[in-house]
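Welcome, and thank you for taking a look at this protein. Please have the sequence and the model open as you read, so that you can follow each stop on the tour.

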Amino acid sequence: MLQRLVSRALAHNLGCLVVPGPEIALAHGLDVTAAGMRTSNTPRDASVLLIVGELSEKMSDAVAVLYAQMPRPRAILMVGGQAPSTLPGADISVGLSQEKLTEAVGKLQRALADGAFTDSPEDFDADVLHAKIEYVCPMHPEVVKDEPGSCPKCGMDLVAREAGESTPDHDHEHHHDEHQHHGPEHEHDYHDHGDGNEHDHSQENTGTEYTCPMHPEIVRYEPGSCPKCGMDLVVREDAEDEGDSDESAAHDHEGYDHGGHDHGASGFMSMIEVTKDLPRSADGLQMDWLEVPFGPVFPGLPGGLKLTLTLDGDGVTEGLATSLVGITTEGEEGEGSQESEEMNADTFIEHLSSAVPLAPVSYRLLACLAIEKATGLSDDQALTQARNSALERERIGSHLGWLAQSGRQLGFAWLTQQASTLQLQVREADRDRLVALEPSLRALGARLERTPLLKSRLKGIGVLPADSYDLRGPVSRTAEEGGDAWARLWQRLAEVTASLDLIKASGEPELPSLRDIGDVSGTGEATVDTPRGEARLSLKLEHGKVKSYKLDTACSHHIDLVPKLVEGQELGDALLAAGSLDLSPWEVIS
């Protein structure tokens, strides 16, 4: 009885985790809410793993980890692709359409309501879940053990981590005056090994030490003058106390063991001692640095993008963005590359447009133009206007998709809901329908303008560095207007209005399709201003087949901005800065 009640409640509140991300579902015209599910931000809150389209091999392991974190009962729903090899077979697999998705969700709801899940399900297993665990000291990352225990340096309990996780590069530079370690060859400033003298530390530690009254880091075992200020060295009064005790072991220079600093007989270790070997933050504090991955499935960031941030508390010391779904360079002609397998021109167009789900019309148009250029076809004005209308329609939808994603990042549910709804309406709208949507689009912009604290949240975030180059699209167009997240927001809203005006002037949108090119050969180049900036394509055509090609995209350049935008920022601001670039991992050349 209890199971039946729980099953019915679960069936009417299906939470789904969308992979690679909700923006991909929207780009394909899928409305998850209308299909009967709510979008979950974490696997812990999801009972359905909704996978949209084909996943790259690089995403497979991440998806397996997400699935393992989902509570039971759980289901896999594939839409327009096949389940990765790291997952069990899909419970339901359907084609890529809203109608198919709605039918599939209905089946799942009925199955769950009927309690169609086993009481003793088999454990899910995958190679990626068998990562070796090692134990590391939170304060001394160089202390790594195979078993739980305590740190031999500070006594803290070791914490588990996955073996192979990189430890932030602290340069192992100890920011205290007395020691500066650079690998096995240590420089001891106050022993001044650089003067060529070789000291017998075991003997010297038992003798009188002399130090400079102005520079206490200068220590000698015989009278003399300070190499820094020339003052006469004086007897170091506290040296005898140190020398009388066994604490000299704490400075066992013979073994270069500086990890064994004296903690006192009580075993107590002060925070100064605990943190002295850690890297120094921008605010002067010394804290442990943690390398934390965000993505490739993370709310507010595009699916397929892995953002690795090194955190110093809540501050970001460095960052790196990589794409796990980038378009391959296969087919690029040039030094170090291989020629692609010959593809029929129409097949090549489908290949390129399907590889970029966030801007398929743009890349379809790009391929058509380059191929037609190779054949020497002249421009057709009516066709050009219809294609441009389709391009501008995609630009409106793409910017709305970015707004929906920004709403997830900012916590503005109303923005995500309104922008998503408009994006779905714009996606295949004809000219009249687009004109009818204009008041709603303007109303969205007006509400953003009235939204409290939005300006203060975005102003000054993600400011472009002065040495930025090869920027394109909205990112480039705001470079001279502050170049921050606030400017990029209003640039995209302005482009929505401009695109509507172009559509009004150009006519009915028409999906680009290749004109009759015949069995010809040649080379062609084309450039298209995609929603994220210019994309350039050059190709070689032989007897109607694409022999080789070279692609250059805006996102391949913009992704390199991420480390510069996040460094020195607080975590929340760093994520906003990365999100404001509107990176499409699918458009990054891998």
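Helices (H or I, at least four residues) and strands (E, at least two) are DSSP runs, numbered from the N terminus. This is a predicted model, in which local features need pLDDT of at least 70, side-chain atom pairs count only at pLDDT 80 or more, and totals for chains, interfaces and linings use all residues. Residues are numbered from 1 along each chain as its sequence is written, and side-chain values use heavy atoms, with hydrogens and water left out.

**The whole protein**

The protein has 19 helices and 18 strands. Of its 590 residues, 47% count as buried, where buried means under 20% relative accessible area, exposed over 50%, and partly exposed in between (1.4 Å probe, protein chains only). Contact means heavy atoms within 4.5 Å. Among contacts with a separation of 6 or more, 64% are between residues 24 or more positions apart.

**A parallel sheet and its helix**

Let us begin with an open sheet of 5 strands, whose order is 2-1-3-4-5 and whose pairing is parallel. Two strands pair if DSSP finds at least two bridges between them. Strand 2 (38–39) and strand 5 (92–94) are the edge strands, each pairing on one side only. Further in, strand 1 (residues 15–19) pairs with strand 3 (residues 48–52) in the parallel sense over 4 bridges, and V18 stands opposite L50 in strand 3.

Helix 4 (residues 57–69) lies across strand 1, strand 3 and strand 4 (75–79), and runs at about 170 degrees to strand 1. Axes here are lines fitted to C-alpha atoms, for helices over the stretch in contact, and angles run from 0 to 180 degrees between N-to-C directions.

Another open sheet has 3 strands in the order 7-6-8, with antiparallel pairing. Its edges are strand 7 (144–145) and strand 8 (159–162); each has a single partner strand, so one side of each is left without a neighbour in the sheet. Strand 6 (residues 133–136) is joined to strand 8 by 4 bridges and the two run antiparallel, with E134 opposite R161 in strand 8.

Now find strand 13 (residues 305–312). Is strand 13 enclosed or open to the outside? Of its 8 residues, 7 are buried, so strand 13 is largely enclosed by the rest of the structure. Strand 12 (residues 289–294) runs antiparallel to strand 13 and is joined to it by 6 bridges; E291 has T310 in strand 13 as its bridge partner. Strand 13 also pairs with strand 14 (residues 315–323) in the antiparallel sense, over 8 bridges, and here K306 has T322 in strand 14 as its bridge partner. The hairpin of strand 13 and strand 14 has 2 residues between the strands, and G313 takes a positive phi near 70 degrees there.

**Two helices side by side**

How do helix 11 and helix 19 run relative to each other? The axes of helix 11 (residues 381–410) and helix 19 (residues 571–580) come within 11 Å and cross at roughly 175 degrees. The two helices are therefore roughly antiparallel to each other, a term used for angles over 145 degrees. The contact is formed by W402, Q409 and L410 from helix 11 with L575, L576, G579 and S580 from helix 19.

**Individual residues**

R364 lies in helix 10 (residues 360–375). R364 is buried, with a relative accessible area of 12%, and touches I349, E350, S353, L511 and P512, leaving out residues up to four places away in sequence.

By contrast, D519 is exposed, at 58% relative accessible area. D519 is found in the loop between helix 16 (485–506) and strand 16 (522–530), and beyond its neighbours within four places in sequence, D519 is in contact with H543 and G544.

**Backbone details**

Most residues other than glycine have a negative phi, and most peptide bonds are trans.

| Site | Backbone feature | Location |
|---|---|---|
| R72 to P73 | cis, omega about -5 degrees | P73: loop between helix 4 and strand 4 |
| G295 to P296 | cis, omega near 15 degrees | P296: loop between strand 12 and strand 13 |
| D470 | positive phi of about 55 degrees | loop between helix 14 and helix 15 (473–477) |

L453 is exposed, with a relative accessible area of 69%, while D470 counts as partly exposed at 31%.

How values were computed. Parallel < 35°, antiparallel > 145°, perpendicular 65-115°, else oblique.
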